[in-house]
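This report looks at one protein structure through its pocket, its charged pairs, its surface and its backbone. Please keep the sequence and the 3D view at hand while reading.

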Amino acid sequence: MTAFALESLMCHRDNLEHVLDSLKEGIIAHDPQRRIFFFNREAERITGYAREEVLGRDCHAAFGAPFCGAHCTFCDVPAEAPQPDDYTLNISTKSGEPRRIEMRLTRMRDGNGGLAGILASFRDVSDLISLKMRAGALTSFGSIIGQDNKMLNVFKQIQDVAGYDFPVHLSGETGTGKELVANAIHAESRRAGASFVPINCGALPEGLIESELFGHVKGAFSGAIRDKKGRFELADGGTVFLDEVAELSNNMQVKLLRFLQEGRFERVGGEQTLSVNVRIISATNRNLKREVERNSFREDLFYRLNVIPIHLPPLRERKTDIALLIDHFLKDAAGRYGRDLLTLSSRALSLMLDYRWPGNVRELQNAIQFAFVKCDGKVIEPEDLPLELRQAADVCARRGPARKLMPEAVAKALVRTGGNKAKAAKLMGVGRATLYRFLNDHPEMA
């Protein structure tokens with residue numbers, strides 16, 4: 001078939017639709033006014049919407065929200081579309097089922113070179129991500145680094161809750177990444193196009209926290225020279241993250257409870273009742289149930305916040321992730337400052353694996369940044385690490401025996417090194433003889 005004949009064939013609308021309907025990717029196209037004019041069969045299958053339901057409609061109205069999520073450039077007025085853009089986002093099907101899709105945006109031009117609309121191609125990768133989780137092949141989720149089973153469980157919980165607006169409460173020690181998890185839940189949800197507003201309840205003075213949360217009107221107090229929106233108003237349509245929520249006073253707990261029950265509030269000094277649509281994610285490094293028992297936190301507020309609890313494990317309980325996190329922080333530092341990538345000596349890695357990390361991932365990141373600055377060569381040695389790590393190593397050395405190997409850690413190390421026992425021992429910071437003795441005692445893992 002000649003190129004001319006092929007072009008003539010493809011210009012026929014029915015033939016073109018047959019070709020696009022045969023693709024294994026969903027295709028949606030809209031004009032500069034966001035009116036959908038094409039929707040193929042794979043797009044129907046992935047979204048659950050029939051083409052008759054969406055053709056000719058504004059894509060925001062057809063799906064109840066911007067289909068492109070936070071990447072939509074047509075939210076206010078027709079706008080110049082971005083260059084071809086690849087990204088991943090969550091959508092909700094017609095039946096409300098959350099699906100993870102990879103999307104590519106392409107702008108279309110008319111005969112005069114003007115913007116004719118947007119064509120988006122997308123594919124469903126929900127099952128692929130779930131398969132990676134089950135296989136232990138997933139090493140990160142959003143901005144969260146981890147491969148330990150405990151973290152894979154957290155990733156699964158993020159996926160599970162993202163499609164719903166129920167309140168989520170995150171518990172875990174300081175430095176375990178609670179804000180990262182809250183941000184990931186927001187990014188995975190249909191609220192991703194709106195604001196994510198974090199509020200550190202422990203950092204706001206008691207006299208200002210009500211104004212910060214709910215806003216104030218001009219003249220409400222000394223210094224209130226104009227009306228000001230609170231954080232809840234700024235987050236309308238998005239997500240509010242209440243960090244260190246256990247630090248709220250009893251008076252503020254009452255006001256927060258009323259807002260959660262009714263979805264309405266008044267600005268400080270104002271008489272008008274306002275309402276906003278926000279999702280609440282809270283967090284604390286305390287045992288909130290114990291705070292209730294001590295009468296320092298309201299029980300009714302606890303049950304309002306703790307609808308879906310997610311616990312983040314401390315770093316000492318997922319030590320197989322330490323090497324992964326070290327690699328990530330070293331690459332980040334090298335890329336940021338244009339230096340060669342540094343590595344850790346086996347002694348330095350062993351020291352970091354043995355350390356208990358009371359400050360968790362945040363402390364590990366600080367330690368790597370400290371070593372990155374101090375190291376003069378290309379290999380980080382124990383003397384390049386912070387003093388508290390070296391002092392802890394001295395204490396451990398005086399105590400004598402090395403740490404006990406755990407089956408899960410050994411299995412992970414062997415998988416990561418392709419079964420190479422010498423490399424696995426180095427990765428875990430133990431001698432080969434220690435690993436060989438362990439494998440002799442556990443022949444099913446050899």
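This is a predicted model: local features need pLDDT of at least 70, side-chain atom pairs count only at pLDDT 80 or more; totals for chains, interfaces and linings use all residues.

The sections below take up these topics in turn.

## Basis of the description

Helix H8 gives the most, with four residues.

## Salt bridges between separate parts of the chain

A search of the whole structure finds 27 salt bridges. One of them joins aspartate 58 to arginine 34, with the closest N and O atoms 2.8 Å apart. Aspartate 58 lies in the loop between helix H4 (51-54) and helix H5 (59-63), whereas arginine 34 lies in the loop between strand S1 (26-30) and strand S2 (36-39), so this pair ties together parts that are 24 residues apart in sequence. The two partners fall into separate accessibility classes, since aspartate 58 is partly exposed, with a relative accessible area of 24%, and arginine 34 is buried, with a relative accessible area of 14%.

A further salt bridge is formed by arginine 267 and glutamate 233, whose closest N and O atoms are 2.9 Å apart. Because arginine 267 lies in the loop between strand S13 (264-266) and strand S14 (273-275) and glutamate 233 in helix H10 (residues 231-234), the pair ties together parts that are 34 residues apart in sequence. Arginine 267 counts as buried at 17% relative accessibility, and glutamate 233 counts as buried at 16%.

## A salt bridge within a helix, and a network

Arginine 41 and glutamate 44 form a salt bridge in which the closest N and O atoms are 3.7 Å apart. These two residues are three residues apart in helix H3 (residues 41-47), and are therefore separated by about one helical turn. An α-helix has 3.6 residues a turn, so residues three or four places apart point the same way. Glutamate 44 is buried, with a relative accessible area of 18%.

Glutamate 291 and alanine 246 are 45 residues apart in sequence, while their C-alpha atoms are 7.8 Å apart in space.

## A nonpolar surface patch

Tyr164, Phe166 and Val307 make a nonpolar surface patch of about 290 Å². Phenylalanine 166 has its place in the loop between helix H7 (149-162) and strand S8 (168-171), and, with a relative accessibility of 47%, phenylalanine 166 counts as partly exposed.

## Helix H18 and positive phi values

In helix H18 (residues 407-416), the buried residues are Val410, Lys412, Ala413 and Leu414. Helix H18 is followed by glycine 418, which has a positive phi, near 65 degrees.

Most residues other than glycine have a negative phi, and most peptide bonds are trans. Against that background, which positive value does the phi of glutamate 244 take? The phi of glutamate 244 is near 55 degrees, positive in a residue other than glycine. Glutamate 244 is found in the loop between strand S12 (239-243) and helix H11 (250-262), and glutamate 244 is partly exposed, with a relative accessible area of 29%.

Asparagine 360, although not a glycine, has a positive phi of about 60 degrees. At 0% relative accessibility, asparagine 360 counts as buried, whereas glutamate 244 is partly exposed.

Technical notes. Residues are numbered from 1 along each chain as its sequence is written. Side-chain values use heavy atoms; hydrogens and water are left out. Patches are made of residues with over 30% relative accessible area and no salt bridge: like charges are joined within 9 Å, nonpolar side chains (Val, Leu, Ile, Met, Phe, Trp, Tyr) within 5 Å. Accessible areas come from the Shrake-Rupley method with a 1.4 Å probe; for residues, only the protein chains shown count as cover. A salt bridge is a side-chain nitrogen of Lys or Arg within 4 Å of a carboxyl oxygen of Asp or Glu. Buried means under 20% relative accessible area, exposed over 50%, partly exposed in between (1.4 Å probe, protein chains only).
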